[in-house]
Amino acid sequence: MKQSPAHHKSLLNFVDNKLHDLERKSRRRSLKTSARSTGMRTKCDNQDLISFTDNDYLGLSTHPEVINASIKATKTYGVGAGASRLVSGNHPLYDRLEKKIASFKQCEAAIIFGSGYMANIGIIPALMASSDLIIADELVHTCIRSGMALSNATCHFFKHNDTVHAKQLLETYRSHFQKAMIIVDGVYSMDGDIAPLKELGVLSQMFDAWLMNDDAHALGTIGGGRGSAIATKAHDLVPLQMGTLSKAIGAYGGYLAGPKPVIELMKSRARSLIYTTGLPPGTIAAAIKAIEIIESEPRRVERPLQLAQKFAKDLNLPAPDSPIVPVFIGKERPTLLAAEALARQGFQVTAIRPPTVPVGTSRLRFTFSATHLDSDVDNLITACLNLNLGNPSREQ
Ligand SMILES: *Cc1c(COP(=O)(O)O)cnc(C)c1O
């Protein structure tokens, strides 16, 4: 291999030290090749596994009708969008999908971003600035934190799902700022629990703070698939409903659904919408078909949560609110070893470690999909019990 020039030395020194440090803490990450197919089957580094780690909660990423819709759109409109949506990349499928999302979410309007990450880093700075206050749950997704940082607003975090603490922060700080916003995940990605949107909605009214939920893991999984605001009967209290097309929808992209003027403002102010190329037409077509399937198959939406509940019950874990079930282990190394042990038995499960989750809360994160067979879940339960995962001593 070619030797690096001497003037790269400080760069390579820095990187080597960093990698060594991550290795030592069992926090170094690596990419594994996963060739996914239907029924949550995957070939991961040449091993056949059943995935309990995907966010493809409804199995729609490999659904034949979704695939066909994507192929058809690709043949009609080409592989790429060609330019930003504001230039010439706004192909006709965008309008159809935005109308579909708005009606599915029971909102006035919706707008599609390149991904959920891009949505959050676009929406928040489009609405908030340095004279403003943002209060967020301490466990919000990292892309919300990125969006908050980009907005230059003053940010405070409340203890997870603690509305008393949220209220204290608003009482202390609200009056010092012009606008205010409260941001939460609808379903927490690494914990699977649901935000108390009704209580937060009341606070948002009391303190004139706009409530935003990130429904990345809630769309297609709770509230009849319509997400956390519907599930918690707080729909009218949440004007900013963000989410992704990359999880239960099975495709790729992000969205904001809400009042029409808010959606209009995004087209002029959200930088991650304006200064990036539109999504591939095939991706948008897939999302449209996926939402049609969700609307016509309520059973598909119910199944992931039911499977998660069965798994949790048999492992003596608390009853889950969503198809995400964390099994807490604590330290990084044993969590990795547990994931490896499950892989040897044919199951793909990810060890979630800091900085994704707080130090000391490393965990296995199990997710359930409508396309898992009952026997897949039964076999997983047996494997987990054999590894002493779960909570055998907890009272039923
Ligand atoms: C996955 C996720 C995102 C990012 O969505 P992408 O479409 O994958 O970029 C945003 N927020 C939460 C809570 C997520 O879990």
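**Exercise 1. Find the loop that holds glutamine 106, then check its backbone.**

Glutamine 106 sits in the loop between helix 3 and strand 4; helices (H or I, at least four residues) and strands (E, at least two) are DSSP runs numbered from the N terminus. Now look at the backbone: glutamine 106 isn't a glycine, yet its phi is positive, about 55°.

A quick word on the model before going on. It's a predicted one, where local features need pLDDT of at least 70 and side-chain atom pairs count only at pLDDT 80 or more, while totals for chains, interfaces and linings use all residues. Residues are numbered from 1 along each chain as its sequence is written, and side-chain values use heavy atoms, with hydrogens and water left out.

**Exercise 2. Work out which residues come nearest the ligand and which polar atoms face it.**

Step 1: start with the shell. There are 14 residues around the ligand, and Asp214, His217, Thr244, Ser246 and Lys247 come nearest (near means that a heavy atom of the residue lies within 4 Å).

Step 2: sort the shell by class. You get three nonpolar, eight polar and three charged residues. Here Ala, Val, Leu, Ile, Met, Phe, Trp, Tyr, Cys and Pro count as nonpolar, Asp, Glu, Lys and Arg as charged, and the others, Gly among them, as polar.

Step 3: check the N and O atoms. A side-chain N or O atom of aspartate 214 is 2.5 Å from a nitrogen atom of the ligand. For lysine 247, a side-chain N or O atom is 2.6 Å from a ligand oxygen, and for serine 246 the distance to a ligand oxygen is 2.7 Å.

Step 4: ask about cover. On its own the ligand has 380 Å² of accessible area, and the protein covers 88% of that (Shrake-Rupley method, 1.4 Å probe).

**Exercise 3. Locate the cavities and describe their linings.**

Step 1: know the rule. On a 1 Å grid over the protein atoms alone, a cavity is a set of points where a 1.4 Å probe fits but can't get out, and a pocket is an open set with protein on both sides within 12 Å along at least five of seven lines; lining residues have an atom within 4 Å of a point. A volume is the space filled by probe spheres set on the points.

Step 2: count. Two cavities of 30 Å³ or more turn up in the whole structure.

Step 3: Strand 4 (109-113) and helix 10 (271-274) each give it at least two residues.

Step 4: go to the second largest cavity, about 40 Å³. Among its lining residues are His141, Asp185, Asp214, His217 and Lys247. By class, that lining has two nonpolar, three polar and four charged residues.

**Exercise 4. Describe the second largest pocket.**

Step 1: its space comes to about 330 Å³. Step 2: 16 residues line this pocket, with Asp95, Glu98, Ala110, Glu264 and Lys267 nearest its centre. Step 3: helix 3 (92-104), strand 4 and helix 9 (260-269) each give two or more of the lining residues. Step 4: the lining splits into seven nonpolar, one polar and eight charged residues.

Notes: Polar contact = N/O pair within 3.5 Å; in protein donor to acceptor, adjacent residues only side chain to side chain.
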